[in-house]
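Hi,

Here is the structure I promised to pass on.

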Amino acid sequence: MAATTPPKVVFEHEGVFIHSSPDESEDQDLISGFLRIVDKDGETLVEYKPLEDTDPSNILCACKDSSSVVEWTQSSEDKPHRPVDHQLSYETEWDMINAVSFRRKAHTHGDGGSNHANDRNKWAFSFNVCDLRSITVKCEGWSYIIFRLKDATALPAIHFHQGGSTVFLDSLRKSVQINECPDDESILIVSSYNKAFSQSFENLLDDANYNFVQKFKKDPYTTTLGGFSKVTNYLFDAFRAPELECQQRPAEEVADLLGELIPGLEINQQEEPGFEVITRLDLGPRPEVQRKGPVTMEEWEKYQDSEGRMTNVPHIKDVIFKGGLCHAVRKEAWKFLLGYFPWNSTHEERKLLQKSKTDEYFRMKLQWKSVSEEQERRNSRLRDYRSLIEKDVNRTDRNNKFYEGLDNPGLILLHDILMTYCMYDFDLGYVQGMSDLLSPVLFVMENEVDAFWCFVSFMDEMHENFEEQMQGMKTQLIQLSTLLRLLDLAFWNYLEAQDSGYLYFCFRWLLIRFKRELHFQDVLRLWEVMWTRLPCQNFHLLVCCAILDSEKQKIMDRKYGFNEILKHINELSMKLDIEEVLSKSESICMQIKNCKDLPHSVSEILGLNRVTKPSTALETSEYGILESPQTSPRSSHRQDHVVSNGHSHLQETTHNGCKVAFIS
C-alpha cells in the first residue's frame, strides 16, 4: 500500500470571522477562526476551523509604548493587557495607530467551556476546490466572501476583519482558475485547471500550477529565490519533444534563453569589462589568516568616551571584521555600522535623533494606516505592494522563534515596517526579497522604529538590486566574472565552456546577500562583517569567489554541465561554514593586494586604487582603508557605490603586457 503524503499547508490566515447571525443584531457572536488551503494526497482543500479561546499569557505582542516585541501578562479583569516592562518612550503619542492588540472574549455560557466549544465547532467546514462553483466577494468596511459549491450549497460568509482576502484569493488561484462573472463583478466563477497540465509544474517552485515562463519573465526575483536549479530542470523539459525524451537541446541554447527571460539582465560582451583575454598573472601565495573571537559588551564599552562617543573607530571596525559581535552588542553596534547613529555622536545626541526619527517614522506609518479600503481600491500600486508584502511576510523565517506561529507579533512588525518603507520610497515600493533583508535586522533590534531606519540604511546599499532594470545585479555579475577570471582563469574557462561564464547561478547570493545560503545566526555574522566595509570595497564578491574556490574541483572533476552546476550551487544552501568562508575571502583579498601587476579593472572593483597617504584628518585601518571619524559609513558607502556600480564607458589599456578592459 502506497504511503500517504503528509498534508501541505499552502495558505493559512488566522483572524477571519463568521457572524453567527446573518443580520446585524447587537448580540450576535463573532466566530473567530483560521482559514487554510491544504494540499492533501494530490487534492486541494479549503478548510475553516473556529479557534479555541487562546490563553494570552506569555504571548509576544508589539505595542507602541515601546515599539518592541514584549511579553504580555494575563489579567483577570476585562481590560486590555499591559506589557510586563511597560515603559514610557517617544512612541506613546502614537498609540492611535497601534498595530497589535489582544483582547480575550469572556465565555457567555454558564455551563463551562465544553458547550462553548461545541457551539463554535459546528461552524467548521472543509471542501475540495474541484467542488467549488463560485465565490462572492463583497465589502462593508471589510471584505467578506461566500463560497457556493456545485451542488448549490452556500457556506457561511467568511469576514476578513483584519484583511487578507486578496492574499487568500491569490493563493487559491494557484489551484483553480478564477474569472469575473460578466454579469456581476462581485461574483468570481471558478473552474479547475487541466490536471495533466498542472502536474507538469508541481515540482518547479512552491507556487505550483503557474505558467512558469510567464512567471519568470514577470518576476525573476521570486523564481530565483525559489531555487535556480529548478529553473533549468524546467527549461530542459520544455525543450524536450515528447517522442524524444532522451534527447536534450544544447545547454548553450538554454543559457541564452535564461538570459533572455530575466528582463534587463542580458549581459552584452561589449558592456563587460575584461572581455579581452587577460593573460595568466602570478598572484603569489595565498596567505593564511586567523579569525578571532567576537567583540564582547565589555570590549565595546571600552571604545566609548564619557559622553558616549565612539573612539578609535578604525580599530573597532578591524576587530568586528576579524570576529564579529556577541549578540548582546549587536543591537547597539549595528546602528553605528549601518549609519543610523553617527560614530562621533554623544548619548544625548542619539536620544534626540531617535526622538526625531520616531516622529518621522510614525508620520509615514500613519499615511498608509489611514488609507481606507475605498481609497486603496483606486490605488493599484499600494494595493499590489500590500498584497506582495502580506504574501512574503507569511513565509519569511517562519522556523525562527521570533516569527513562528499564527498571528506572531514579529510578523506584524515585519509587515508594518515594509508597508512604511513603501511610503518612504514609493518609487521602489516593495519588491520580493526585501523581507529577507529586513528579517535579521528586526530580529536584532526588537524595535520597530530602530529596525526601520537600519533597514533604510541597508536598502541604500542594496537599492539597485531591486530596481526594475536590475543594473545593480548586472554590474555585480560582471564584476564577479572579472574577479574569478583573475583568480582562476582555468576554472573560469571551464564555466565559460559550459555557458556559465556570466555566473547566473550566483544571482541569489548577490540579490539578498547570502540570506538563503546560511543559517540565520551565520547571516548575522556575515552581514556585520561586511558592514565594516573592510578589508576592501565589494568584499561580498570575494565571498562568492571563496565559495566557488572551494567547489571548483568537484565541479570540474565531475564534468558538471550547465544544469548540474546550477543544481550543485543551489544545494550548497545551509551547508556552508561561515568562518571558513570568511577566512578564505580575507585570504583572497590579501593575495590580490600583494599582486604588483594588478589589472586596473580589479583595482577599481575592490577600491584598491583609492588608498593614498592619509592626511591628519583621516585615520587608517589595518587594511589601508581611509576612515574619517566625522563621517558615517552610510555617506562613505555612497561614494563607494558610485565607484563600484556607476560605469559609463569601457576603456582598454595595456598593463604590463596584459590587455584588459576596465570600468571608468
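Let's start with Glu-461, which is buried at a relative accessible area of 16% (buried means under 20%, exposed over 50%, partly exposed in between, with a 1.4 Å probe and protein chains only). Helices here are DSSP runs of H or I with at least four residues, strands are runs of E with at least two, and both are numbered from the N terminus.

A word on the source: this is a predicted model, where local features need pLDDT of at least 70 and side-chain atom pairs count only at pLDDT 80 or more, while totals for chains, interfaces and linings use all residues. Residues are numbered from 1 along each chain as its sequence is written, and side-chain values use heavy atoms, with hydrogens and water left out.

Back to the charges: the whole structure has 31 salt bridges. Asp-549 and Arg-286 form one of them, at 3.3 Å, N to O. This pair links distant parts of the chain, 263 residues apart: Asp-549 is in helix α21 (residues 539-557), and Arg-286 is in the loop between α7 (251-261) and α8 (297-302). Asp-549 counts as buried at 19% relative accessibility, whereas Arg-286 is partly exposed at 31%. Lys-357 and Glu-360 make another salt bridge, at 3.7 Å, N to O. They are three residues apart in helix α11 (residues 347-369), which means about one helical turn separates them.

Now for the strands. Strand β3 (residues 43-50) has six of its eight residues buried, so the rest of the structure largely encloses it. Strand β2 (residues 30-40) runs antiparallel to β3, with eight bridges joining them (strands pair if DSSP finds at least two bridges between them). Arg-36 stands opposite Glu-47 in β3. The two strands form a hairpin with two residues between them, and Asp-41 in the turn has a positive phi of about 50 degrees. β3 also pairs with strand β6 (residues 125-128), antiparallel over four bridges, with Leu-45 opposite Asn-128.

Cheers

Technical notes. A salt bridge is a side-chain nitrogen of Lys or Arg within 4 Å of a carboxyl oxygen of Asp or Glu.
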